[in-house]
Amino acid sequence: MRILIADDDREICDLLEIYINNEGFEVIKAYDGQEAYDQFIETDPDCVILDVMMPKMDGLDVVNKIREESKVPILMLSAKTADIDKIRGLARGADDYVIKPFNPLEVVARVKSLLRRSSYSDEKSADGNEIEIGPLRIRRDQHEVSTVDGTLIHLTVLEFGILYLLASNPNRVFSADEIFERVWQQETDIPSKTVMVHVSHLRDKIEEATGGEKVVKTVWGVGYKIEKD
């Protein structure tokens, strides 16, 4: 698999390259936002690691441009610690977020988790399962979601994972911890804000496509569910 690392700090790129190469992945490096996007178009990577603050084009703008083309997993890196900065990154379509300074082993673990999630979706292609729930039609074999009248809803890998988990277990409430562990395939002590942002973004996309239908319900103090009569 091919991993694109984009950071204007060359030492960070070189450090991550060593650890990621040790996992058997090929690494492509970029040192500004425009180069990152150009390399993405040219090399078609399996995962992208993006710094937020970069010259020529910042990481959030690169996420926007990538999401116009692809659902490739995106991991953001940033020295910013405010929750609003995390939310902005995730809301633009990033799948995960790591704060600098970081342990490179954590970055590698996050990348491998994103790749497993993406590969898991691809492995389901032989099943051909389709779920129709409320105004949505979910095609697991194509990793595709649309309204029943055919309007496509473009979701990231993790947004699709959350939707599929809830839709394939209708009326069951999943806590933020359960969603994080099942969809991200990681264990963590503080997943709730990350899950909340992804659920919020998922809801926005569904409501925009369906004319405002509330498909993903919040059970306050417990978690999230999709109801089916």
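Axes, as the term is used for helices here, are lines fitted to C-alpha atoms over the stretch in contact, and the angles between them run from 0 to 180 degrees between N-to-C directions. On this basis, in the predicted model described here, the axes of helix H6 (residues 157-167) and helix H7 (residues 176-184) come within 10 Å and cross at roughly 120°. Because angles of 65 to 115 degrees count as roughly perpendicular and only those over 145 as roughly antiparallel, H6 is classed as oblique to H7. The crossing of these two helices, H6 and H7, is right-handed. On the side of H6 the contact is made by Leu-158, Gly-161, Ile-162 and Leu-165, and on the side of H7 by Ile-179, Arg-182, Val-183 and Trp-184. By residue class, the contact of H6 with H7 comprises six nonpolar residues, one polar residue and one charged residue.

The protein as a whole has eight helices and 11 strands. Of its 229 residues, 51% count as buried. Among the contacts in the protein with a separation of 6 or more, 56% are accounted for by residues 24 or more positions apart.

Five of the strands belong to an open sheet with the order S2-S1-S3-S4-S5, in which the pairing is parallel. Strand S2 (26-30) and strand S5 (96-99) are the edge strands of this sheet, each of them pairing on one side only. On average, and with direction ignored, neighbouring strands of the sheet are turned by 20° against each other. Within the sheet, strand S1 (residues 2-6) and strand S3 (residues 47-51) run parallel and are joined by four bridges, and Leu-4 stands opposite Val-48 in S3. Helix H1 (residues 10-21) lies across S1, S2, S3 and strand S4 (74-78), and runs at about 170° to S2.

The axes of helix H2 (residues 33-43) and helix H3 (residues 59-67) come within 9 Å and cross at roughly 20°, which makes H2 roughly parallel to H3, because angles under 35 degrees count as roughly parallel. The crossing in which H2 passes H3 is right-handed. Gly-33, Ala-36, Tyr-37 and Phe-40 of H2 make this contact with Val-62, Lys-65 and Ile-66 of H3. The residues of the contact of H2 with H3 divide into five nonpolar, one polar and one charged.

Strand S7 (residues 136-139) and strand S8 (residues 144-147) run antiparallel and are joined by four bridges, with Arg-137 standing opposite Ser-146 in S8. These two strands, S7 and S8, form a hairpin that has four residues between them, and His-143 in the turn has a positive phi of about 50°. Strand S8 also pairs in the antiparallel sense with strand S9 (residues 152-153), in this case over two bridges, and the bridge partner of Val-145 in S9 is Ile-153. The hairpin of S8 and S9 likewise has four residues between the strands, and Gly-150 in this hairpin takes a positive phi near 100°.

Two residues, Leu-90 and His-198, were considered individually. Leu-90 is found in helix H4 (residues 83-91), whereas His-198 lies in helix H8 (residues 192-210). Leu-90 has a relative accessible area of 4% and is therefore buried, since buried means under 20% relative accessible area. For His-198 the relative accessible area is 1%, so that this residue, too, is buried. When neighbours within four places in sequence are left aside, Leu-90 is in contact with Asp-95, Asp-96, Thr-194, Val-197, His-198 and His-201. The C-alpha atoms of Leu-90 and His-201 are separated by 8.3 Å, although these residues are 111 residues apart along the chain. His-198, not counting residues up to four places away in sequence, touches Leu-90, Ala-94, Asp-95, Leu-158, Glu-159, Ile-162 and Trp-184. Among these partners of His-198 are Leu-158, Ile-162 and Trp-184, which also take part in the contact of H6 with H7.

Notes:
Residues are numbered from 1 along each chain as its sequence is written. This is a predicted model: local features need pLDDT of at least 70, side-chain atom pairs count only at pLDDT 80 or more; totals for chains, interfaces and linings use all residues. Side-chain values use heavy atoms; hydrogens and water are left out. Buried means under 20% relative accessible area, exposed over 50%, partly exposed in between (1.4 Å probe, protein chains only). Contact means heavy atoms within 4.5 Å. A crossing is left-handed if the near helix is turned anticlockwise from the far one by less than a right angle, and right-handed if clockwise. Ala, Val, Leu, Ile, Met, Phe, Trp, Tyr, Cys and Pro count as nonpolar, Asp, Glu, Lys and Arg as charged, and the others, Gly among them, as polar. Two strands pair if DSSP finds at least two bridges between them.
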